[in-house]
Amino acid sequence: MEQVYQVKTAALPQGQKKVKWSRGLINMLLTLYALVTLYPLIWLFISAFKSNEEFYSRPFAQPTVWHWDNFVRAWKVSEMGISLINSSIVTIVSLVLTLILGALAAYVLARFEFKLKPLMMGLFLLGMLIPIHSTLVPLFIIMKKIGLLDSYGALILPYTAFELPLAIFVAAAYLTSVPKEIEEAALIDGTGYWGIFFRIMLPLSIPALSTVAILAFLRFWNDFAFALVFISKPALKTLPLSLSVFATGYSTDYALTMAALSIAVLPTIAVFLLFQEQIMKGMTAGAVKG
């Protein structure tokens, strides 16, 4: 017995060393992957301080002179103040509508049984399969006839419509896993369906809605095609449209373009840093439940 105990105690440090080596290797690989992933963002911010000549001659080196005035010029030339306000309005309103309507539809599809339920699920699935940009021409014709062109509604309505199928499927898959006993107990206590939705189902579906929210925010904030087709007034242009002023048919001002892109990406980074924990919970919940 003593010999067996000595063998086990002697083998324990060696096993711990193997675990430490494996963990160290994994951490090193993850660090390398993080650097590779973050390098384009780092390169963007460094390039924003260069002149056009230095951008072409030394694209991957640090600037010899840090041109802080690039940000001021980019802000003025592209009128980013107006475009930031417009993008914020369109994104926030579209996001609120997507989450509210998606949660309501998901609640009905997940908790009720009715004859047209398979048909409705099929229609929402069809909405996920339709290529978004293939609808630009018919949507342009429809909005021109009803007078929605050059308005916030020209962007808010298509954004909400095309994001709803994903929001409904993710939220419905999550709500399906909620035990029905919770809903039955609320009904016995006298709570109506609206009360059950707002007091129970909506708070419980926050992780799934967080998944939808971050994906929808990125799509709404970075969209260029819909804004280019449906918006022509300079006072209503969104952020992606304002970034296009630095490129002409003959040349591109890369110094101002990089500076403007650096400003444009800051809200996305801020949203992720502020809601990092909730975003990760939402991603995990959506992956497991959906």
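Tutor: Let us begin with the aromatic rings, of which 17 pairs are counted. Rings of Phe, Tyr and Trp (its six-membered ring) form a pair if their centres lie within 6.5 Å; planes under 30 degrees apart are called stacked, over 60 edge-to-face, and the rest tilted. The model is predicted, so local features need pLDDT of at least 70 and side-chain atom pairs count only at pLDDT 80 or more, while totals for chains, interfaces and linings use all residues. Residues are numbered from 1 along each chain as its sequence is written, and side-chain values use heavy atoms, with hydrogens and water left out.

One of the pairs is Phe55 with Tyr254, a stacked pair with 5.0 Å from centre to centre and 10 degrees between the planes. Phe55 belongs to helix α2 (residues 52–57) and Tyr254 to helix α13 (residues 254–274), so that the pair joins distant parts of the chain, 199 residues apart. Helices here are DSSP runs (H or I, at least four residues), numbered from the N terminus.

Helix packing comes next. The axes of α4 and helix α9 (residues 193–204) come within 11 Å and cross at roughly 105 degrees; axes are lines fitted to C-alpha atoms over the stretch in contact, with angles from 0 to 180 degrees between N-to-C directions. The two helices, α4 and α9, are therefore roughly perpendicular, the term for angles of 65 to 115 degrees. From α4, Ala103, Leu104, Tyr107 and Arg111 take part in the contact, and from α9, Tyr193, Trp194, Ile196, Phe197, Met201 and Leu202; contact means heavy atoms within 4.5 Å. Nine of these residues are nonpolar, none is polar and one is charged. Ala, Val, Leu, Ile, Met, Phe, Trp, Tyr, Cys and Pro count as nonpolar, Asp, Glu, Lys and Arg as charged, and the others, Gly among them, as polar.

The largest cavity holds about 40 Å³, the volume being the space filled by probe spheres set on the points. Among its lining residues are Ser87, Tyr159 and Trp221. The greatest share of the lining, three residues, comes from α4.

Conventions:
On a 1 Å grid over the protein atoms alone, a cavity is a set of points where a 1.4 Å probe fits but cannot get out, and a pocket is an open set with protein on both sides within 12 Å along at least five of seven lines; lining residues have an atom within 4 Å of a point. Angles under 35 degrees count as roughly parallel, over 145 as roughly antiparallel, 65 to 115 as roughly perpendicular and the rest as oblique.
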